[in-house]
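This briefing goes through one protein model by topic. Please keep the sequence and the structure in view while reading.

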Amino acid sequence: MNETNKPSPDYIIRPIETTDRAWVAELLTQRWGAPAIAAHGELIQADQLPGFIAEDHGAIVGLATYRLDAGQCELVSLDSLAEGRGIATALVDKVAAAARAAGCRRLWLITTNDNLRALRFYQKRGFVLVAVHR
């Protein structure tokens, strides 16, 4: 138990390693259709970005990728393979910590305007909706 008397999660969050790259590409292809993600007029090779993996007793249960640019951090992908366990929140927290350590002033992301679950998730974690495009 931790100091808030909540059970500690039974997963760990660790950085993506070189040996994880094939798995990362496979997961992104399964969940997003390809390891490259189209956003804001460009194709982002998400499988080549830094990020974090959530692992539960050797099984991978989550992934987040991000990129740093000019004092900003873009969360490019976020996937939890076991919802309701705090995995996505823990991954976002790790990306936020990496952004702070890199001196970033802003952590941001793009999602589709019809993804209400994602919009709710990010807003509950302090993200602010700044634009909606049709």
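Where is the place of His57? His57 sits in the loop between strand 4 and strand 5; helices (H or I, at least four residues) and strands (E, at least two) are DSSP runs, numbered from the N terminus. The model is predicted, so local features need pLDDT of at least 70 and side-chain atom pairs count only at pLDDT 80 or more, while totals for chains, interfaces and linings use all residues. Residues are numbered from 1 along each chain as its sequence is written, and side-chain values use heavy atoms, with hydrogens and water left out.

**Confidence**

- The average pLDDT of the protein is 90, and 94% of the residues score at least 70; pLDDT is the predictor's confidence in each residue, from 0 to 100.
- Residues 1-5 have a pLDDT below 50, and beyond near neighbours in sequence this stretch has four contacts in the model; contact means heavy atoms within 4.5 Å.

- Strand 1 and strand 4 run antiparallel and are joined by four bridges; two strands pair if DSSP finds at least two bridges between them.
- Arg14 has Ile53 of strand 4 as its bridge partner.
- Strand 4 also pairs with strand 5, in the antiparallel sense and over six bridges, and Asp56 has Ala59 of strand 5 as its bridge partner.

**Two hairpins and their histidines**

- Most residues other than glycine have a negative phi, and most peptide bonds are trans.
- The hairpin of strand 4 and strand 5 has two residues between the strands, and His57 takes a positive phi near 50° there.
- His57 is exposed, because its relative accessible area is 72%.
- Strand 2 (residues 36-39) and strand 3 (residues 42-45) run antiparallel and are joined by four bridges; the bridge partner of Ala39 is Glu42 in strand 3.
- These two strands form a hairpin with two residues between them, and His40 in the turn has a positive phi of about 40°.
- His40 is not a glycine, and its relative accessible area of 39% makes it partly exposed.

- Thr65 is found in strand 5 and is buried, because its relative accessible area is 0%.
- The side chains of Thr65 and Ser77 make a polar contact (2.6 Å); this term means a pair of N or O atoms within 3.5 Å, where within protein one must be able to donate a hydrogen and the other to accept it, and residues adjacent in sequence count only if both atoms are side-chain atoms.
- Leaving aside neighbours within four places in sequence, the contacts of Thr65 include Ile16, Leu49, Pro50, Glu74 and Val76.
- Ala70 lies in the loop between strand 5 (59-69) and strand 6 (72-80), and with 62% relative accessibility Ala70 counts as exposed.

**Nonpolar cores**

- The largest nonpolar core has 25 residues, of which Leu75, Leu78, Leu91 and Tyr122 touch the most other members; such a core is a set of buried Ala, Val, Leu, Ile, Met, Phe, Trp, Tyr and Cys residues joined through side-chain atoms within 4.5 Å.
- At least two residues of this core come from each of strand 4 (51-56), strand 5, strand 6, helix 2 (87-101) and helix 3 (116-124).
- Helix 2 supplies the largest share of this core, eight residues.
- Another core, of 12 residues, lies apart from it and has Leu27, Ile37, Ile44 and Ile53 among its members.
- Leaving aside neighbours within four places in sequence, Leu78 has contacts that include Trp32, Leu63, Leu91, Phe121 and Tyr122.

**Helix 2**

- Helix 2 has 15 residues and reaches 21 Å from its first C-alpha to its last, close to the 21 Å expected at 1.5 Å a residue; the expected span is 1.5 Å times one less than the number of residues.
- Its buried residues include Ile87, Leu91, Val95 and Ala98.
- The buried residues of helix 2 pack against strand 1 (12-15), strand 4, strand 5, strand 6, strand 7 (106-109) and helix 3.
- Just after helix 2, Gly103 has a positive phi of about 80°.

Note on methods: Buried means under 20% relative accessible area, exposed over 50%, partly exposed in between (1.4 Å probe, protein chains only).
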